[in-house]
Amino acid sequence: MRITDTADLWWKNAVVYCLDVETFMDWDGDGCGDFAGLAQRLDHLADLGVTCLWLMPFYPTAERDDGYDITDFYGVDPRLGTHGDLVEVIRTAKDRGMRVIVDLVVNHTSAKHPWFRSARSSKDSPYRDWYVWRADPPPDTSADVVFPDQEDSIWELEEKTGEWYLHKFYKEQPDLNVANPEVRDEIAKVMGFWLQLGLDGFRVDAVPFLLETSGIPEEEAERFPDPHQYLRALRQLLNRRAGAGVLLGEVNLPHDQQAEFFGGTDGDELTMQFDFIAMQAMYLSLARCDVTPLVDALTSRPAISPDAQWGMFVRNHDELTLDKLSEDERAEVFAAFGPEERMQVYGRGLTRRLPPMLSGDPRRVRMVYSLMFSLPGTPVLFYGEEIGMGESLAAEGRLAVRTPMQWTAGRNGGFSTAAPGKLPGPVVEGGFSPEFVNVADQRRDPDSLLSFMKLLIRRYRESPELGWGTFEVLGQPHPQVLAHLTSWDDGALVALHNLGSEPRTVPLVLPGCGATHRLEDLLQTGSTALADDGSVELALEGYGYRWLRVVAEDSRRLV
């Protein structure tokens with residue numbers, strides 16, 4: 001297979017970059033980021049090597065859940081700009097080789113959405129059945145709430161009609177009744193609208209909650225007998241409207257259940273899913289300096305369609321959830337990376353970014369990102385990771401990592417000229433403040449994290465086997481070291497990562513290789529010959545990492 005044959009499956013080796021327009025760049029000086037500011041900073045993302053831009057919600061909102069409580073699915077928050085400004089961002093991004101996807105948040109609406117305002121006003125409202133209601137008092141559902149520090153039930157009494165409405169998230173976010181075909185049709189219309197503006201797909205929020213029918217009256221649920229058939233229908237709609245479009249799903253479930261949301265090996269539902277299991281196992285491995293949990297997670301992935309893909313990430317815009325670890329395992333990660341109560345959230349996750357968790361050690365930070373990019377799947381970055389931004393523990397909960405982007409060492413980190421009190425959140429202070437961590441300074445420093453990330457992304461994009469290939473753990477004696485081989489077509493790449501602080505010499509045997517092969521370092525200068533039997537010994541520094549391309553004597557590949 002030639003590399004050019006893979007272009008329609010661009011997500012297999014994309015570099016995805018997630019940002020919130022509100023906190024990325026303020027161009028008009030009102031304190032709020034906007035589309036005009038984002039357009040001015042797209043060259044930074046193109047220079048970094050980003051190939052897919054993921055925009056967090058930019059819709060009109062009641063601001064109860066940082067934009068995830070939407071009051072108009074077809075609108076643009078006027079603080080951020082207009083539809084025209086969004087289209088200009090899409091056009092500019094595509095001019096620079098970047099596709100654009102946006103958050104599709106259709107499990108619920110804001111309580112201030114016109115649909116719900118009508119629905120709650122009368123049992124005779126035409127939108128009444130667009131939401132889920134019950135007439136009898138609900139049982140105790142405190143164990144089912146998503147935000148246990150904020151809610152104690154997934155049902156809320158509406159005084160005017162005397163009935164309770166369902167809300168899996170905040171009570172200000174009533175759940176839509178997906179069993180109602182009118183609701184399903186409206187979701188399809190929302191997707192079609194945004195695709196018509198030139199988008200390349202969606203990151204689908206809270207997919208299991210969207211398809212779940214618990215709480216819906218039995219007679220209504222019967223109208224929705226196969227939720228996965230609806231997900232397949234949305235994928236078909238996407239394929240008709242944007243043939244190379246992607247549905248990137250948030251499905252935080254065990255691997256075997258995630259396979260259902262891919263559509264099994266048919267791959268006709270979600271195109272991509274985040275691998276929350278591998279992410280959580282990675283942090284447990286980092287805490288233990290033992291790769292076993294991560295290896296177990298990666299090798300337990302179910303078989304999926306060759307056209308589907310896992311999304312790999314170090315952190316995202318939510319809390320760094322550890323909910324799939326055991327209580328003891330979670331305690332290990334908390335002790336290593338978030339020992340203070342203010343660093344934890346809901347008892348299940350961390351509010352921190354990676355560099356502060358690793359005490360700013362540049363060796364460990366770079367090793368982790370090298371590891372993430374080398375693992376099978378598509379890397380997804382959260383804004384600011386490319387420069388090593390920290391969090392603001394002065395901000396509440398998940399907002400700790402949604403701080404203004406740090407462009408310069410100047411006022412407000414160059415994010416805005418407005419007074420600090422007008423910003424969407426506090427600028428990071430202390431050792432990770434803009435004085436020490438910003439884009440402008442790192443652009444001029446060849447030894448900066450930003451320069452390293454550019455190299456890492458360039459090498460990743462030059463190595464299609466990382467997105468397309470088969471993954472094989474290579475045997476060696478050190479529990480602190482992960483050595484793996486990724487092979488695809490006529491290419492193969494060996495990656496080694498040392499999670500421990502002590503140097504290691506790693507003995508390997510590469511299957512099918514011999515003295516006619518050599519290993520060429522991709523992240524540094526160097527070449528290593530193999531013995532006749534394919535054996536080799538490779539040196540790794542403490543927290544060291546190496547990418548090595550397997551090169552045959554007659555290879556025509558560039559290294």
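Contact here means heavy atoms within 4.5 Å. The structure is a predicted model, in which local features need pLDDT of at least 70 and side-chain atom pairs count only at pLDDT 80 or more, while totals for chains, interfaces and linings use all residues. Residues are numbered from 1 along each chain as its sequence is written, and side-chain values use heavy atoms, with hydrogens and water left out.

**Exercise 1. The chain as a whole**

Task: Find how many helices and strands the chain has, and state what its radius of gyration is beside that of a compact globule.

Solution: Begin with the DSSP runs, numbered from the N terminus, where a helix is H or I over at least four residues and a strand is E over at least two; the chain has 18 helices and 22 strands. Next take the radius of gyration over C-alpha atoms, with the globule rule of 2.2 Å times the number of residues to the power 0.38. For 559 residues a compact globule would have a value near 24 Å, and the chain agrees with this because its own value is 24 Å. Along the principal axes, the C-alpha atoms fill a box of roughly 80 × 55 × 50 Å. Finally, among contacts between residues at least 6 apart in sequence, 68% join residues at least 24 apart.

**Exercise 2. Val 401 and its surroundings**

Task: Decide whether Val 401 is buried or exposed, and list which residues Val 401 is in contact with.

Solution: The classes rest on relative accessible area with a 1.4 Å probe and protein chains only: buried is under 20%, exposed is over 50%, and partly exposed is in between. Val 401 has 1% relative accessibility and therefore counts as buried, as do 61% of the 559 residues in the chain. Val 401 sits in the loop between strand 14 (378–382) and helix 16 (439–443). Leaving aside neighbours within four places in sequence, the contacts of Val 401 are Arg 315, Asn 316, His 317, Asp 318, Thr 351, Arg 352, Arg 353, Phe 382, Tyr 383 and Glu 391.

**Exercise 3. A pair of rings**

Task: Work out which kind of pair the rings of Phe 276 and Phe 313 form.

Solution: Rings of Phe, Tyr and Trp (its six-membered ring) pair if their centres lie within 6.5 Å, and planes under 30 degrees apart count as stacked, over 60 as edge-to-face and the rest as tilted. By this rule the chain has 33 aromatic pairs. In the pair of Phe 276 and Phe 313, the centres are 5.4 Å apart and the planes stand at 75°, so the pair is edge-to-face. Phe 276 belongs to helix 11 (residues 276–288) and Phe 313 to strand 10 (residues 309–313), so the pair ties together parts that are 37 residues apart in sequence. Both Phe 276 and Phe 313 are buried.

**Exercise 4. Two positive phi angles**

Task: For Glu 63 and Ser 359, state what phi is, and then find where each residue lies.

Solution: Glu 63 is not a glycine, although its phi is positive at about 60°; Glu 63 lies in the loop between strand 2 (52–55) and helix 4 (83–95), and with 38% relative accessibility Glu 63 counts as partly exposed. Ser 359, also a residue other than glycine, has a positive phi near 55°. The loop between helix 14 (354–357) and helix 15 (362–374) holds Ser 359, and with a relative accessible area of 69% Ser 359 is exposed.
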